[in-house]
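Colleague: I am new to reading models like this. Can we go through one step by step?

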Amino acid sequence: MTLSSSISSPAFHHHDVPLQYNNNNDDDNNNIITSFADEEKDATTTTTTTTKWVRNNATWLHKSRKEMSLLERISNKDVLPLKYYEQGEQITSPFPSHPLWRSPLWIFIHALPPLLLQSLWYSIMPSIASSSWSKWSSFTTFMVYEVYFIVYLLFLIRNLHFWIRQYGVLDYHNCGRDMILDKDAKKLAVSIIFFVVARNLGVILMGGYDANIPPSFGIFPNGGATITLLKTPVRMALWALAFDFFFYMYHRATHTIPFLWKVHAKHHSTKYPTPRQAILADNLQEVIEVVLLPFLATLVVSMNTHELWLTACTTVYVEALGHSGARAYWGHPILHFLLDPLGLALVIEDHDLHHRGGKGGLNFGKQTLVWDRLFGTVGE
């Protein structure tokens, strides 16, 4: 059965497009819709639409901003142009490699502002204010870093969208990226809020925040700086390996034990994810992945608050990257150049294949392939 029509379409935003669904199809994950002109098309262009397949029914995206609830607006922050949600032509150009230096530089530049602000505050305020104003309490630090973490996430989504436009998306000729189902739109927003709050609470609590010690930068670890060039990256790399070990064990168990699969199945409601779908999960899974696993990793590799802040920014970068579907050879910002020659580096396609495999998917690590190689669960 096919569905097609011809329309003269003005320029529009993606959430304003009145997509037409085939209501005779009983499978919510395989609705046929008519495709429309890209956002970039000229307003006077007349386009004849053709039949396209998308996986998810997402009518909530077609509401205007005024019609959306607050939770839907939060979920709507990571929406690609429509063409990426539709089956497209096969990309025949060579598979690009994302430059190794770009990711760590991007993370450091965009994670730096709250650290610099706090450092400057501690340098300037003692001379012009009382001691009670010259230091940041745990609550003040949490609030400042919390607000900026939201800004950081918006920058991250914008950055990934830019590169998706440059590189395209994986398996584009078979299926476009998945939209968020109507029933999951508000749940996703709640998950995002929980993630943002819990991740930053972990930075303060697990890092043993001390109001008397501001962020400071140095090269050598014996200079008293809280962030050093020769020590902090090593700690972050070891933390990522520890975190990935605990994640691997838990993740593999969710694909093996029926009860745990019920907990994890919500996350696998998408086979072709986008960055925001890294956070879509059952409530119990959110607690395990956002709270418990980072806590266990920090027990193995302890770090101060400022190092944990950089680690949190790096970890969410990797999590969003792994669910981006960007068609590029692009791995972990710190570990990739060490692990890639050994065949142990995890790249975007590895986790994309995991999602396409559903319950039977392999590649259980989310930072590296170290534990998958060791336990024989690499899928290619």
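Colleague: Which helix does L120 lie in?

Modeller: This is a predicted model, where local features need pLDDT of at least 70, side-chain atom pairs count only at pLDDT 80 or more, and totals for chains, interfaces and linings use all residues. Residues are numbered from 1 along each chain as its sequence is written, and side-chain values use heavy atoms, with hydrogens and water left out. Helices are DSSP runs (H or I, at least four residues), numbered from the N terminus. L120 lies in helix α2.

Colleague: How many residues of the nonpolar patch come from helix α2?

Modeller: The patch covers about 890 Å² of surface, and L105, F108 and F217 are among its members. Patch residues have over 30% relative accessible area and no salt bridge, and nonpolar side chains are joined within 5 Å. Accessible areas use the Shrake-Rupley method with a 1.4 Å probe. Helix α2 (residues 102-124) gives the largest share, 6 residues.

Colleague: How do the directions of α5 and α9 relate, roughly parallel or roughly antiparallel?

Modeller: Helix α5 (residues 185-206) and helix α9 (residues 305-322) pack with axes 8 Å apart, at about 150°. Axes are lines fitted to C-alpha atoms over the stretch in contact (heavy atoms within 4.5 Å), and angles run from 0 to 180 degrees between N-to-C directions. Angles over 145 degrees count as roughly antiparallel, under 35 as roughly parallel. So α5 and α9 are roughly antiparallel.

Colleague: Which residue meets D171 in a salt bridge?

Modeller: A salt bridge needs a side-chain nitrogen of Lys or Arg within 4 Å of a carboxyl oxygen of Asp or Glu. The count is 11. In one of them, the N to O distance is 3.7 Å, and the partner of D171 is R356.

Colleague: Why does that pair tie together parts that are apart in sequence?

Modeller: D171 lies in the loop between α4 (138-167) and α5, while R356 lies in helix α11 (residues 348-356). The pair therefore ties together parts whose separation in sequence is 185 residues.

Key: Patch = residues over 30% accessible without salt bridge, like charges linked within 9 Å, V, L, I, M, F, W, Y side chains within 5 Å. Helix = DSSP H or I, 4+ residues; strand = E, 2+ residues; numbered from the N terminus. Parallel < 35°, antiparallel > 145°, perpendicular 65-115°, else oblique.
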